[in-house]
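Trainee: Please take a close look at one part of this model and go through it piece by piece. Spell out the cut-offs as you use them.

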Amino acid sequence: MHSTIKIAQKALIDDEVPIGAIIVDNQTKEIIATGFNQREVQQRATAHAEILAIEAACKSVGSWRLEHHSLFVTLEPCAMCAGAIINSRIADVIFGASDPKAGSVGSLTNLFTLDYNHHPDFQGGVLAAECGTLLTDFFRTIRLNRKHS
């Protein structure tokens with residue numbers, strides 16, 4: 001998860017919400033793809049860290065099926081990302097901070113437990129304080145900048 005936090009920090013360069021994702025091949029234990037939020041830079045609603053990492057992983061392995069892979073992400077996936085995780089057959093998801101406003105792996109709902117054809121294993125709360133602080137500091141800075149402008 002420490003590597004995922006470092007990936008998330010890359011988003012700060014472009015004033016993006018600092019969310020990072022890493023996909024690991026469970027057989028080789030190697031990182032095969034990374035992603036961080038790029039919605040503002042790309043002006044695409046779908047440019048979430050998880051989606052970008054999944055796209056890169058599929059390209060890397062030459063398949064849309066990622067059934068022997070794990071996704072690590074600093075924030076609980078939203079409904080869109082949880083759906084992409086299910087559809088790409090990712091084996092398991094490990095996330096840091098919970099997302100009470102949009103989280104779809106336990107906070108608002110849990111798409112992984114619904115009657116879909118694939119059910120990723122998941123674990124939340126890994127380095128939650130560190131992941132949460134990264135986000136809290138980002139939004140605090142935005143609020144302060146708005147207040148002073």
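Mentor: Helices (H or I, at least four residues) and strands (E, at least two) are DSSP runs, numbered from the N terminus. This is a predicted model, in which local features need pLDDT of at least 70 and side-chain atom pairs count only at pLDDT 80 or more, while totals for chains, interfaces and linings use all residues. Residues are numbered from 1 along each chain as its sequence is written, and side-chain values use heavy atoms, with hydrogens and water left out.

Serine 88 is in the loop between H4 and strand E4 (92-97). With a relative accessibility of 4%, serine 88 counts as buried; buried means under 20% relative accessible area, exposed over 50%, and partly exposed in between (1.4 Å probe, protein chains only). Not counting residues up to four places away in sequence, serine 88 touches Ile54, Trp64, Arg65, Leu66 and Glu67, where contact means heavy atoms within 4.5 Å.

Within H4 itself, the buried residues are Cys81, Ala82, Gly83, Ile85 and Ile86. They pack against H3, strand E3 (69-75) and E4.

Next, the pairing with H3. Two packed helices are described by the angle between their axes and the distance between the axes. For H3 and H4 (residues 79-87), the axes come within 9 Å and cross at roughly 20°. Axes are lines fitted to C-alpha atoms, for helices over the stretch in contact, and angles run from 0 to 180 degrees between N-to-C directions. H3 and H4 are therefore roughly parallel to each other, since angles under 35 degrees count as roughly parallel, over 145 as roughly antiparallel, 65 to 115 as roughly perpendicular and the rest as oblique.

From H3, Glu50, Ile51 and Ile54 meet Met80, Cys81, Ala84 and Ile85 of H4. The residues of this contact divide into six nonpolar, no polar and one charged. Here Ala, Val, Leu, Ile, Met, Phe, Trp, Tyr, Cys and Pro count as nonpolar, Asp, Glu, Lys and Arg as charged, and the others, Gly among them, as polar.

Glutamate 50 is in helix H3 (residues 49-61). It is buried, with a relative accessible area of 4%. Leaving aside neighbours within four places in sequence, its contacts include Cys78 and Cys81, along with Leu71, Val73 and Leu75. UniProt, in an unreviewed entry, places the feature "active site" at Glu50; such annotations may be inferred rather than shown by experiment, with feature names shortened and positions given in the numbering used here.
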